[in-house]
Amino acid sequence: MSQGPRSGLAAVSSALLAMSRHLEVRDVLKTIVASARELLDAEYAALGVPDDHGGFAQFVVDGVSEEQWKAIGPLPRQHGILAAMLHDAKPERLADVREDPRFEGWPSAHPELADFLGLPIRDGDEVIGALYLANKVRPGQGHPAAPGPAGGCGFTADDEELLSILAQHAAIALTNARLYERSRELTIAEERSRLAHELHDAVSQKLFSLRLTAQAAAALVDRDPSRAKGELQQVAELAAEAADELRAAVVELRPAALDEDGLVATLRNQARVLDRAHTARVTFAAHGVRALPAAQEEALLRVAQEALHNALRHSGAARVDVTLRRRGGCAAVLRVTDDGVGFDPRTVRRAGRHLGLVSMRDRASGAGGRLTVESAPGKGTTIEMEVPGG
């Protein structure tokens, strides 16, 4: 391997470290191209990543200004010499790329290229990109636009070996960057799913209460206008709370009432609202529960809301009792019990109705707790969630 100023072990090590520092695919591509151009003393360097439609998904260059690149025009297609490293998957070292029979010309604004070195970037058997270098800068010659001495290529076998080493590490860096971006996409998808749960839990419960309160107001308009006025005021308050909950979910905050009033007061208020809005009796009691971490308080509130929603909408219960208490000094336990029709938990999934159980179990698990469901046809339902602390 040649011993030029840019081909020593320190320079190679520096280039490889630079590639490993980046996680974004675009940054990795730019670092690979810049490192290849510097190490091999080339005037121009490029890296193409193929798409599935006969073109390049990405094409990064080094040695060409932004103005020149814009003047050149659209990304190149996979034809001519550019296709060689992608389709034939072997190195190409040419004394003058313009004399190669595969050369098909370039746009008028494209710089003049002469000697040429190209190499595929492989991930196992798959070619995931190709490196292109042009115009070897020779000592004392400045920027060449003509082939090397005696028609030979300015790039040597040592240059090809060095670029091969760089390409192997480029494959690792590019694959890692792609995996990182994929994991980030999955994280975003999971976050969207979480926000969907938030919107369902937070807003649907408020809208359910809002609908019931509006119905109660409508029934009272003729026979008790004064009470109807109070119910309509409650409608306005519930609508405002629903808007607050929606904003809180969108900006990934805890439910607004938790920050202002705490878990016990929030649950008590929820029970009071539902008790007024529904024919079923809804009660709440708390016994010795201290403040909990934010994530646990939110999870307990959401599970309580889902359980209340199920009891009031599906069970036909005459009474629903909510309790929050300490257990053994090291746990907080939420219980929502109704005297409704009940169900067989084993048949819920088979019937295609989940009653929010999946969401509730996910919330309990996410808060480091556990959820149990006790029910039987004709015997009501008890949903219990336990979290450490309290």
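Biologist: How many salt bridges does the structure hold?
Modeller: It holds 13, where a salt bridge is a side-chain nitrogen of Lys or Arg within 4 Å of a carboxyl oxygen of Asp or Glu. Keep in mind that this is a predicted model: local features need pLDDT of at least 70, side-chain atom pairs count only at pLDDT 80 or more, and totals for chains, interfaces and linings use all residues. Residues are numbered from 1 along each chain as its sequence is written, and side-chain values use heavy atoms, with hydrogens and water left out.

Biologist: OK, which residue does R335 form a salt bridge with?
Modeller: That's E384, with the closest N and O atoms 2.7 Å apart. R335 lies in strand 8 (residues 331–338) and E384 in strand 10, so the pair ties together parts that are 49 residues apart in sequence. Strands here are DSSP runs of E, at least two residues, and helices are runs of H or I, at least four residues, all numbered from the N terminus.

Biologist: And which residues are joined into one network with those two?
Modeller: Salt bridges with shared partners connect R327, R335, R370, E384 and E386. Within that group, R327 meets E384 at 3.4 Å, N to O. R327 sits in strand 7 (residues 319–327) and E384 in strand 10 (residues 381–388), 57 residues apart.

Biologist: Is E384 buried or exposed?
Modeller: Buried, at 10% relative accessibility. The cut-offs are under 20% relative accessible area for buried, over 50% for exposed, and partly exposed in between (1.4 Å probe, protein chains only). R327 is partly exposed at 35%, and R335 is partly exposed at 30%.

Biologist: Switching topic: what is the strand order in the open sheet of five strands?
Modeller: The order is 2-1-5-4-3, with antiparallel pairing; two strands pair if DSSP finds at least two bridges between them. Strand 2 (56–62) and strand 3 are at the edges with a single partner strand each, so one side of each has no neighbour in the sheet.

Biologist: How many bridges join strand 4 to strand 5?
Modeller: Eight, and the two strands run antiparallel. R122 stands opposite V127 in strand 5.

Biologist: Which strands does helix 2 lie across?
Modeller: Helix 2 (residues 25–39) lies across strand 1 (42–50), strand 2 and strand 5, at about 40° to strand 2. Contact means heavy atoms within 4.5 Å. For the angles, axes are lines fitted to C-alpha atoms, for helices over the stretch in contact, and values run from 0 to 180 degrees between N-to-C directions.
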